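Please keep the structure in view while reading.

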Amino acid sequence: MSSDTGRLGGPLNSIADGYNDRFGQVFGELNGLQFALIIGSLLVLLLVPVWAPLLGMSGLLRTLALASIWAILAMGWDIQSGYTGYISFGHAVLSGGAAYTTALLIGNVNPDLSLAVTLPLSVLAALTIGLVIAVPSLRLKGPYFSLVTFVAGLIFYQLTYAFSDYTGGELGVRVGRIDFTVGGFEITTFDPVMRYYVMLVPMLLIAVTLLYVARSNVGMIFVAIRENETAVSAAGIDTTKFKIWSFVLSSIPMGIGGWLLAHFYGTVNPLNFLLVDRSIELIAMAVVGGMSSILGPIGGAFLVIVLREEVLRIFGATGRWVMLWTLILLVLVFARDGLFRKLWHYLGRLGSRDGGEN
Amino acid sequence: MDMGAGAENSAQLAVDQVNDDGGILDQEVELISEDSLADPGESMTATERMVEQENIDVLIGTFVSEVTQGIVDYVGEVDIPFLITGSADPITLTDTVGEDYDQFKNIFRSGPINSDLQALGMADYAEFLADEHGWTDFAHIADDAAWTVPFSENLPDELEDRGLNVVHEDRLAPGTDDFSPMLSDVSSADADAMLRFFAHNVGTGMLVNWRENEYEFGIEGIHVPGMSPEFWDDSEGAALYETTSQSGAAGAAEITEETVPFTEAYVEEYGDSRPSLPMYMGYNSYDAVFVYKNAVERAGTADYQADIDTIVDELLETDHTGATGEIEFYGPDSEYPHDVMETEVDGTISNFPVTQWQDEGEFECVFPRDFASADHLAPDWM
């Protein structure tokens, strides 16, 4: 086996070293195989509109666009819950709050508002909601914090019915698709290829940003809070301040993801945005991939959505949900650290020159 | 659920009959079904999949209003003919076809009549109850849900205008499990009948409570779970005397010459599985297949991408005798553009028939009088 990896790892390792010299400090060092996985996945994702139709799988453009949005949400959850260990069961409130902000603006203010207005205001709303939940609740420990976030989810869900004159109750609000013009070129998410890139590109940018943050000192403090909060306090660091920061960092991608999801579906309603299932789904994605890794939740989101929308369809409309949750349960029991973390470490061992852990 | 299975079976039956008769435009027809799971997001992706990957030519269905609402923008954009056969909220057409005709002209509702018109039909029915039993005082109880809004907004005023009294009004949260406070309110308001509009609430517990207390009022209106032919057994007979309006009247009456043959064909093919009758969406979905067939055959094309205007023009010309009644559409400039028109007999709306669970668990059509299969029964304790 070692001769195999030597052969494979050699040229890859030298390319990876070029990356490590330049960016290793910022995003973490990679060996050749890990580098190949990242670049390979990136190429596969960027070229979906080329290969999917050739394989007769054009529907993947829709599935992977949806997966990109959920990857944003799963990463958003990860930077807060995964890294600090303060597990939020109500994160859909942040994305849902952003989506409903767009819905209320379009439905009650002006149907022709541009994304230059709705996007920043929606992200701002997610940020505000994040702070409103974070500031009082992050002093709570253990299950109480999780319960507060869970209950916040229930409150927001019911609010949509209580204010149904504005929110449309269970019918929700139609917000339409994304449609704008750049330099005379019309971008519309009615076109499956354009929609895919409109969802994929923000996902990649957010991934790079969050990786940067997670590998920085701030990320290290988040992890330290998770591992031993008392020790962090003892070192003179205000942990509450950093926990609030984690919520802020989380709210921005949640806001962007919520806004994208609103325009992906074209309708904002309680079921698809605020039902507590949505919060659990994004946790499941992050955990299946491997929480506190940013890349893991991306893998988890793509795996879960592709399984749900494509692979498990053979079990029927409801059967696939049963199968999906069963598979997630199996991952939780047998691969608690996440499938992509396992793969990552496996590649780390396989491709490292000294045979040690990477 | 039963409603969706009934609709799918009925559409399949229509497709089989069409194929036996040479197909549409001499082409064999294939039915592709997707379960929306009553989830707008699921139905959005299912619709896209059917349009883009399965290359369907027409979309028929949608029961839950939020599902209809969730797909209209996409459907409007791609121009595929869409015949709604389940959800009745008028805004699914007034907010789309009525607001931006050019964008949404491909959307129609071939049945049931919308809930504004259903509210008028219900007022006709209340007058009938006043004639039959001298019931003049009504309680109005509705699911706290969007689909009941047209009833809550229109029906109480309509009843008052017709000289009837609304003595109590209430809304129930979806998933209510204790109906006794509501029933006792209706009873203390001295209502002769309660008009209840339930889709999210299953009224079995309410019916048992009603019977045990021998409350002195009838239970009328719309009860979606009670439309299932299996509801009698599911409720262990507690359904006795409750009524619901439903397109097709569960096949209990000869609404047109199509109603009974379709019902019999359905029972022969699917009578051993749930639901053993088509249910209202089944009748509407069966009719929709023929409405579409006739329109595209008159148009000479089913190619909506090239000729949607011709197909829409021909859909507007529809005059079809279906299992639910005579089907014609309101024109583009009317109050309810592209909505199926109400039909009238003797001044009462006739394509909004009411059925009652009677002895031995039979659906009987009790209204309108012209084709009723049995008299409306007041509970024997009244």
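## Backbone angles in chain B

In this predicted model, Asn55(B) is exposed, because 8 other C-beta atoms lie within 10 Å and a residue counts as exposed at 12 or fewer. Asn55(B) belongs to the loop between H2 and strand S1 (59-61) of chain B. Although Asn55(B) is not a glycine, its phi is positive, at about 55°. Leu25(B), likewise a residue other than glycine, has a positive phi near 50°. Leu25(B) sits in the loop between helix H1 (2-20) and H2 of chain B. Leu25(B) counts as partly exposed, because it has 15 C-beta neighbours inside 10 Å.

Two peptide bonds of chain B also deserve attention. The bond from Gly111(B) to Pro112(B) is cis, with omega near -5°, and Pro112(B) is placed in the loop between strand S3 (107-109) and helix H6 (115-133) of chain B. Phe367(B) and Pro368(B) are likewise joined by a cis peptide bond, with omega about -5°; Pro368(B) is found in the segment after strand S14 (362-367) of chain B. Most residues other than glycine have a negative phi, and most peptide bonds are trans.

## The two domains of chain B

Chain B is assigned domain 1 (2-110 + 257-323) and domain 2 (115-253 + 346-371). The C-alpha centres of these domains of chain B are 28 Å apart. Their contact involves 18 residues from domain 1 of chain B and 16 residues from domain 2 of chain B.

On the side of domain 1 of chain B that touches domain 2, the elements that give two or more residues are helix H11 (259-270) and helix H12 (279-299) of chain B. H12(B) gives the most to this side, with 4 residues. The residues on this side of domain 1 of chain B comprise 10 nonpolar, 5 polar and 3 charged.

## Where chain B meets chain A

How many residues of chain B are in contact with chain A? There are 20 from chain B, and they are in contact with 21 residues of chain A. H2(B) gives the most, with 8 residues. This side of chain B is made up of 6 nonpolar, 6 polar and 8 charged residues.

## The nonpolar core

The largest nonpolar core has 210 residues, and among those with the most contacts inside it are Trp70(A) and Ala301(A). Helix H4 (residues 60-84) of chain A gives the most to this core, with 16 residues. Domain 1 and domain 2 of chain B both give residues to the core, so the core lies between them.

Beyond its neighbours within four places in sequence, Trp70(A) is in contact with Leu282(A), Met285(A), Ala301(A) and Ile305(A).

## Annotated spans and a hairpin in chain A

An unreviewed UniProt entry annotates several spans of chain A as "transmembrane region", including residues 144-163 and 282-307. Residues 144-163 of chain A are 95% helix and 0% strand, with end C-alpha atoms 28 Å apart. Residues 282-307 of chain A are 81% helix and 0% strand, and their end C-alpha atoms lie 14 Å apart.

Strand S2 (residues 179-182) and strand S3 (residues 185-188) of chain A pair in the antiparallel sense over 4 bridges. Thr181(A) has Glu186(A) in S3(A) as its bridge partner. S2(A) and S3(A) form a hairpin with 2 residues between them, and Gly183(A) in the turn has a positive phi of about 50°.

Methods: Residues numbered from 1 in each chain as written. Chains lettered and ligands numbered in written order. Predicted model: local features only at pLDDT ≥ 70, side-chain atom pairs only at ≥ 80, totals over all residues. Domains from an automatic or database assignment. Contact = placed C-beta atoms within 7 Å. Nonpolar A, V, L, I, M, F, W, Y, C, P; charged D, E, K, R; others polar. Core = buried A, V, L, I, M, F, W, Y, C linked by C-beta atoms within 7 Å. Buried ≥ 20, exposed ≤ 12 C-beta atoms within 10 Å, placed from the backbone. UniProt positions renumbered as here; feature names shortened; annotations may be inferred. Pairing = 2+ DSSP bridges.
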